[in-house]
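Please examine the model shown here. The questions that follow concern its helix packing and the surroundings of its ligands.

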Amino acid sequence: MMLTTLCVKNMYGCIPTPQRVHFHFQADTQKEFFARMLLELYFLLLPSLNILDGITIHEGNGPSSGKPRDMGLLAMSENGLALDYHINNGCAFPYSNPLSKVIKNEYPHYLENNCFPWKQLTDFPLDTIEPPDQYEEETLAFRRGFIKYLYQYFFMSRPRINRSHCTQCGHCINHCPADAIRKNLTINYWRCIRCYCCQELCPSKAIQSRKPLCNLPGR
Ligand code: SF4
Ligand code: SF4
């Protein structure tokens, strides 16, 4: 949902799982809303030092379905917003980063000082990181009542369970924030908010992202 997990989003792990799932559901598909929530949490907990361990990164899809990659990057700052902002800018994804957008628009003073006085980000090969394949930028269609549901149902990528890999452990059913996965492991796509928590949590890599049949041309 946030495209990258760096210092600010990492603080989301401080919330117990049931509440985390609830907040995900509250944010629905609204990425900037979720980004603001993460920033509020960051300021509530306010770490003294942020250490970004990018020695081996994870690119592509969520924690259980992507690929590890040696990057050799270690960065630290007292200012987690600036650290995330600059790293996200260096990634050169084909999408704008929702967290960076909110930081730039609503917390610009956090970006005024150079948080990398000793090394330039251009020294690191950040521009080839592979984005998650199900990522979609937030558009107005994400926000407007019934139109949003139609758009979500007919045009947005959706999680799909591959039965041949599924061990029926039930993790996805128990942790789906929208309660969208039925006991028979079919997904109610009207309820699903496309958070991909199920894909992240599936220990068997049995959940993939699929485009629906009636996708917009060029998407
Ligand atoms: S988490 Fe994965 S393996 Fe477990 S029930 Fe869901 S799809 Fe199947
Ligand atoms: S089915 Fe998966 S993507 Fe959809 S709401 Fe549940 S956890 Fe999120």
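Q: Which residues of helix 5 does helix 4 meet in this predicted model?
A: Helices are DSSP runs (H or I, at least four residues; strands are E, at least two), numbered from the N terminus. Contact means heavy atoms within 4.5 Å. From helix 4, Leu 81, Asp 84, Tyr 85 and Asn 88 take part, and their partners in helix 5 are Leu 99, Ser 100, Ile 103 and Lys 104.

Q: Is helix 4 parallel or oblique to helix 5?
A: Axes are lines fitted to C-alpha atoms, for helices over the stretch in contact, with angles from 0 to 180 degrees between N-to-C directions. The axes of helix 4 (residues 80–91) and helix 5 cross at roughly 125° and come within 9 Å. Angles under 35 degrees count as roughly parallel, over 145 as roughly antiparallel, 65 to 115 as roughly perpendicular and the rest as oblique. Helix 4 is therefore oblique to helix 5.

Q: How are helix 3 and helix 5 oriented to each other?
A: Helix 3 (residues 31–45) packs against helix 5 (residues 98–106) at an angle of about 65°, with the axes 9 Å apart. Helix 3 and helix 5 are therefore roughly perpendicular.

Q: How many charged residues has the contact of helix 3 with helix 5?
A: Helix 3 contributes Lys 31, Glu 32, Ala 35, Arg 36 and Leu 39, and helix 5 contributes Pro 98, Leu 99, Lys 101, Val 102, Ile 103 and Glu 106. Asp, Glu, Lys and Arg count as charged, Ala, Val, Leu, Ile, Met, Phe, Trp, Tyr, Cys and Pro as nonpolar, and the others, Gly among them, as polar. The contact has six nonpolar residues, no polar ones and, as charged residues, five.

Q: How many charged residues are in the shell around ligand 2?
A: The residues around ligand 2 (a heavy atom within 4 Å) include Cys 176, Cys 192, Arg 194, Cys 195, Cys 197 and Cys 198. By class, eleven residues of this shell are nonpolar, none is polar, and the number charged is one.

Q: Which residues are closest to ligand 1?
A: The shell around ligand 1 has nine nonpolar, five polar and no charged residues. Of the 14 residues surrounding ligand 1, the closest are Cys 166, Cys 169, Gly 170, Cys 172 and Cys 202.

Terms used: Residues are numbered from 1 along each chain as its sequence is written. Chains are lettered from A and ligands numbered from 1 in the order in which they are written. This is a predicted model: local features need pLDDT of at least 70, side-chain atom pairs count only at pLDDT 80 or more; totals for chains, interfaces and linings use all residues. Side-chain values use heavy atoms; hydrogens and water are left out.
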